Amino acid sequence: MTLENRRDGPHNLLVLTVATKETDGFRRFLKSAKHFNYTIKVLGQGQKWKGGDYVTAPGGGQKVRLLKTALEEMKKQDKIILFIESYDVVFASGPKELLKKFQQTRHKVVFSSESLIWPDRHMEDKHPHVREGNRFLGSGGFIGYLPNIREMVADWKGKDNDSDQLFFTKIYIDPVKRKSINITLDSTCRMFQNLHGALDEVVLKFENGRVRARNLLFDTLPVIIHGNGPTKLQINYLGNYIPNTWTFENGCTVCHQDLRPLTALKSEYPMVLIGIFIQQPTPFVTVFFERLLKLQYPKNRLKLLIFNQEVHHERHVSSFLHDHGNLYQNVKFIRPEEGMDGPASRNLGFDMCRKDKDCEYFFSIDIEVVLKEENTLKILIEQNLPIVAPMITRVGRLWSNFWGALSSDGYYARSEDYVDIVQGRRVGVWNVPYVSSVYLVKGSLLRSELTDSELFNSHILDPDMAYCHSVRNKVSERKEVLPCLSFDLGIFMYVTNMHTFGRILSTENYQTDHLHNDLWQIFENPEEWQERYIHENYTHIMKDKLIETPCPDVYWFPVFSDVACDHLVEEMEHFGQWSGGRNKDSRIQGGYENVPTVDIHMNQINFEKNWHKFLLEYIAPITEKMYPGYYTKCDTPLNFVVRYKHDEQPLLVPHHDASTFTINIALNSKGIDYQGGGCRFLRYDCSIKAPRKGWALMHPGRLTHYHEGLPTTAGVRYIAVSFVDP
């Protein structure tokens, strides 16, 4: 007879659990049960929980009362009952394996086991010794035949907030009752794995498209994993993989389940309140708002809250709102002079959404976030999760906007899978204990569970940590936040790396002393600097053969964006200390210039190191391609911006440059900004009379390329010049 047809087969197994409220953990439990076709009966649904909080005192008596009542109503005596927790439990295998292991114990009731005794340590000596494994009973999971379990709970007369653990422990340590009911422990975790006291023993086992938890101490594969006590984050971590949620063979198997597809909407898109937070001087704020405009979401379904704590960024925000504020349904702008701090502004954002019945989502984003994916908001909404963050990283580092684990005192710890997730070797949607910088929160969650108006406040933690602690522990009434782990399960937070969403800027060393401070970001934020200041066609130069040769050994190619040209010119004019074009020049070695120009040197505006970095990154590779066998470190004693005006210095007489090669970048446009101008190489009688804005001329400096600057007849012409390798 097969196991399926026997009286103790899977069809005769009933899983009982108590869940007075549907939580994220409960939904996870049901999904894992459905995956293995367990039959579930939920007790206590819709009832008020009176069983205590397990923190201030042991509790859980309400579960025993509900179990006792349910068993009294059952008629089929050969039923096998599995009674387990649900908020912090996942199934790792199916009923057949569970029942087989149960039958092998040759007992009528089998409890989960623990290595730690709780709640009464004075009972330690009364526990029977076991041949191998854990001695102590865990009440969070047990399996047995209906008559035996009914006998076990028959004497329950306790209060709802009495300890279920203590009740079952007293039965187990009583030799007469233990024998009468025929109770034993799953001491080597073949069926039940309690994580408390065993974290170092449990690892993930990936094999043949399946994921299990393996107990290294006993070399067993438990069927049921329970995150009891202060191990809620560990069960969340394991639940990212078990049961087969993510495998090496198939990746994420559940990431496309339970979605909210926006394309199927027959009505308007959900209303979203976007909270933008500016709390420190940050580079590329203008670019942030440009990207905000490109966000693929109907702007009439967006409301904005912009909190700005930095006077320096007042003009950037005001300019954006002046030009585009009327595109959005509503805008609230909090200025520096209003004196609001960071936590208060974030609490306000949540409260605005909480009180607005039309607000379906709150999208929080810090100003230093670079969102490259224009569909980010749609993607997050479609995930249909309570709180979800798009993963963003810092270039060249393992920093990201989520933590995979927490230390024992509630601060950052690296999970085993953190690096693989950050580097994209594991792709999916991950349950994590901490998200920051950018995330989406359901408005319904703010109105139901996260009703505290001071979620971001703490005397101990920074605002993001305080908020995540509150979410993990679902603080509904204000209490002082401590950086420790609670026994509560809380609300799940997720991070997704299913797309490449963007990155986060470094704000270190960001100075606000200049007109266009972003020009100085080539070291701290090189990718953003390149996107802002390097010509869009630069990366295609070699592939698309964009380098032109207007004169012998003179190469012409795009390098600067229009913005780079404008910012450099404006920066020089803002500095304003033009040389005057005289031969006597104290700025150079020797103090005398043979062929003077009206110019400002890069080192006068503290831009020398940045310019040298630019030459190494963007000019040297072209030089080495076009002049084979020549390698340069871009030694440049002279880097400067020249200004030509018809009524100041309109031209430059024929001359050689004090360089191995020279770079000459046009910073504005002929026909728009000036007339005339250009460069003529006398030896070849060859002229470039229409320099293109942002394009560089590269030519030898000495001997062969004697040249002159042609007259500027109207307007003002600007060029950036470097004498490389003198």
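Residues are numbered from 1 along each chain as its sequence is written, and side-chain values use heavy atoms, with hydrogens and water left out. Because the model is predicted, local features need pLDDT of at least 70 and side-chain atom pairs count only at pLDDT 80 or more, whereas totals for chains, interfaces and linings use all residues.

The structure contains 3 disulfides, a disulfide being a pair of cysteine sulfur atoms within 2.5 Å. When the bonded cysteines are numbered in sequence order, they pair as 1-2, 3-4, 5-6.

C252 is linked to C255 with an S to S distance of 1.9 Å. This link is right-handed, with 95° about the S-S bond, and both C252 and C255 are buried (under 20% relative accessible area, with exposed over 50% and partly exposed in between; 1.4 Å probe, protein chains only). In the disulfide of C353 and C359, the S to S distance is 2.1 Å, and the link is left-handed at -95°. C353 counts as buried at 0% relative accessibility, as does C359 at 1%.

The sulfur atoms of C551 and C686 lie 1.9 Å apart in a disulfide. C551 belongs to strand β28 (residues 548-551) and C686 to strand β36 (residues 686-688), so this pair ties together parts that are 135 residues apart in sequence; strands are DSSP runs of E, at least two residues, numbered from the N terminus. The torsion about the S-S bond is about -85°, so the disulfide of C551 and C686 is left-handed. Both cysteines are buried.

C679 is buried, with a relative accessible area of 6%. The closest cysteine sulfur to that of C679 belongs to C551, at 7.8 Å, too far for a bond. C468 is also buried, at 0%.

Definitions and conventions
Helices (H or I, at least four residues) and strands (E, at least two) are DSSP runs, numbered from the N terminus.
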